[in-house]
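Student: Please show me the chain, and I will ask what the terms rest on.

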Amino acid sequence: MKTLIIVSHPTVLESGSQQFLIQSLPDDEDITLHLLEETYPNGNIDVEKEQALLREHDRVLFQFPFYWYSSPPLLKKWQDEVLTEHFAFGYRGNRLQNKEFGLVLAIGLPEKEYQTGGREGFSISELTKPYQAMAKKTGMTYLKPLTIFQFSYMTEKQKKALLIDYQQYISLEQPISLKRREEWFIKQLTKTSKETLPGEHATFVIEEAIDKIEDNRLELDELRLHLDNYDDK
Amino acid sequence: MEDNQWLKAQLEQLESESQDYKQKALLQATVALLLEQEKREEQLQGELDGTLWSPGNWTV
């Protein structure tokens, strides 16, 4: 699966959260990172090139800071100019159909404010309706967004957890289930470099962890089987 | 259970010794995954116990 990440940020090189995400990208997945403001400093978008990029990918992500409940202006301009009739919608406009679409949002306030009674008063699901409508109109499957609240206040532990969530959001088959995540971990643990770990003991511990994940999965499947048996009665 | 504690402690130790940030994140998340599997197991076990004790399943 090929994923296109379209990043929009007026000063992406100075943004702590965007830089963190860019550095977090998995090394060996089929990913195209597309920095809009860096590619088009004058704002003149090459529509044909952008449409070709879209055609080549299966999952399209918009990644941006959530300014005034929307994206920075260049991404809106990109939408206006690239998602044209007969390409993205309308008569024979089916080029995006059956692709997946997701949002990676960096948000300045805490999650609890985005609900009725919170300071913002509306949920992220409500505020991102235009993107949901865009996905619907173009025939793309809308994925649950990856929301990053107050990146600069995150602890080191939270940042490391975010790194993994982000990697999975980019490449894991949807819907993301516990079983799919287990498979992802086994793959990652198998190929993780032993050079950055101390001694032979590290290899042993990692193999033990893989075995444990697999054993746990067998037990979970067995329990589920017992339960399904009772449900049938 | 003790076995798991040992494994988690070992993974945490590796995390602290790893020289690669992405690898540290992977090791930290592996511990979280093992905990999540344990929790899921507990929930399913609870559901199964509840089903076994349900009078609806007492028919002979």
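Student: How far apart are the centres of domain 1 of chain A and domain 2 of chain A?

Tutor: The centres, taken over C-alpha atoms, are separated by 31 Å. The domain assignment gives domain 1 as 3-175 and domain 2 as 177-233; such bounds come from an automatic or database domain assignment. This is a predicted model, where local features need pLDDT of at least 70 and side-chain atom pairs count only at pLDDT 80 or more, while totals for chains, interfaces and linings use all residues. Residues are numbered from 1 along each chain as its sequence is written, and chains are lettered from A and ligands numbered from 1 in the order in which they are written.

Student: Why is α3(A) called roughly perpendicular to α4(A)?

Tutor: Helix α3 (residues 47-56) of chain A and helix α4 (residues 73-82) of chain A pack at about 90 degrees. Angles of 65 to 115 degrees count as roughly perpendicular (under 35 is roughly parallel, over 145 roughly antiparallel, the rest oblique), so α3(A) is roughly perpendicular to α4(A).

Student: Which residues make that contact of α3(A) with α4(A)?

Tutor: Val47(A), Glu50(A) and Gln51(A) of α3(A) meet Trp78(A), Glu81(A) and Val82(A) of α4(A). Contact requires C-beta atoms, placed from the backbone, within 7 Å.

Student: What makes strand β4 of chain A mostly covered?

Tutor: Seven of the eight residues of β4 (residues 100-107) are buried. A residue is buried if 20 or more other C-beta atoms lie within 10 Å of its own, exposed if 12 or fewer, and partly exposed in between.

Student: How many bridges join β3 of chain A to β4(A)?

Tutor: Seven, and the two strands run parallel. Pairing needs at least two bridges found by DSSP.

Note on methods. Axes are lines fitted to C-alpha atoms, for helices over the stretch in contact, and angles run from 0 to 180 degrees between N-to-C directions. Helices (H or I, at least four residues) and strands (E, at least two) are DSSP runs, numbered from the N terminus. Two residues are in contact if their C-beta atoms, placed from the backbone, lie within 7 Å.
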